[in-house]
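The sequence and the structure come before the details.

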Amino acid sequence: MEKFSLNLIKKIVLFLFIMFLLIFDVFANLHEWTIKISSNELHQLLLFLGIYFTVSTIISFFFSYYNVFRIEEKYGFNKLTRKGFFFDQVKSKILMILGFG
């Protein structure tokens, strides 16, 4: 039940993050900034998405950390060290970039 609650809170936070970006025209400003950086539309797209996914990954990282080191550790399922967790997160992001980027 704790994982469900944490996942629900994570989804709400990410939703509110997107709404904040829309309400305060952060997406529009980011788009204008990418146009200033590059005239190539593909580069603009990659820069825009890269910044968005980096920020959302940072937000998700804290929820993953809480899940592993609070909830799973509470019930004895956690076998990771903090260093191992960090390196697993970095490796998964590198593989994601190589696979999909």
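In this predicted model, the side chains of D88 and K91 meet in a salt bridge, with 3.5 Å from N to O. A salt bridge here is a side-chain nitrogen of Lys or Arg within 4 Å of a carboxyl oxygen of Asp or Glu. D88 and K91 are 3 residues apart in helix α4, so about one helical turn separates them. D88 is partly exposed at 35% relative accessibility; the term buried stands for under 20% relative accessible area, exposed for over 50%, and partly exposed for what lies in between (1.4 Å probe, protein chains only). Side chains of opposite charge can pair when their charged atoms come close.

The structure holds 3 salt bridges, listed below.

| Pair | N to O distance |
|---|---|
| D88 and K91 | 3.5 Å |
| K74 and E2 | 3.1 Å |
| K3 and E72 | 3.3 Å |

The bridge between K74 and E2 has its side chains meeting at 3.1 Å. This pair links distant parts of the chain, with K74 in helix α3 and E2 in helix α1 (residues 2-23), 72 residues apart. K74 is exposed, with a relative accessible area of 56%, whereas E2 is partly exposed at 29%. In the bridge of K3 with E72, the closest N and O atoms are 3.3 Å apart. Here too distant parts of the chain are linked: K3 belongs to helix α1 and E72 to helix α3, 69 residues apart. K3 has a relative accessible area of 46% and is partly exposed.

Two sentences on conventions follow. Residues are numbered from 1 along each chain as its sequence is written, and side-chain values use heavy atoms, with hydrogens and water left out. As the model is predicted, local features need pLDDT of at least 70 and side-chain atom pairs count only at pLDDT 80 or more, while totals for chains, interfaces and linings use all residues.

The protein has 4 helices and 0 strands, in the pattern α-α-α-α along the sequence. Helices (H or I, at least four residues) and strands (E, at least two) are DSSP runs, numbered from the N terminus. Along its principal axes the C-alpha trace spans about 50 × 30 × 20 Å. Buried residues make up 21% of the 101 residues. Of the contacts with a separation of 6 or more, 49% come from residues 24 or more positions apart, where contact means heavy atoms within 4.5 Å.

How do α3 and α4 cross, and at roughly what angle? The axes of helix α3 (residues 41-74) and helix α4 (residues 82-100) come within 12 Å and cross at roughly 140°. Axes are lines fitted to C-alpha atoms, for helices over the stretch in contact, and angles run from 0 to 180 degrees between N-to-C directions. The crossing is right-handed, a term for the near helix being turned clockwise from the far one by less than a right angle, with left-handed for anticlockwise. On the α3 side T57, F61, S64, Y65, V68 and F69 take part, and they meet R82, F85, Q89 and K93 in α4. By class, this contact has 5 nonpolar, 3 polar and 2 charged residues. Ala, Val, Leu, Ile, Met, Phe, Trp, Tyr, Cys and Pro count as nonpolar, Asp, Glu, Lys and Arg as charged, and the others, Gly among them, as polar.

Q89 in helix α4 is buried at 19% relative accessibility. Leaving out residues up to four places away in sequence, Q89 touches F61 and S64. Q89 and F69 are 20 residues apart in sequence and 14 Å apart in space, C-alpha to C-alpha.

S38 lies in the loop between α2 (26-37) and α3 and is buried, with a relative accessible area of 16%. Beyond its neighbours within four places in sequence, S38 is in contact with H43 and Q44. Q44, in helix α3, is buried with a relative accessible area of 11%. Its contacts, not counting residues up to four places away, are H31, T34, I35, S38 and S39.

D25, in the loop between α1 and α2, has a positive phi of about 55° although it is not a glycine. Most residues other than glycine have a negative phi. D25 is partly exposed, with a relative accessible area of 45%.
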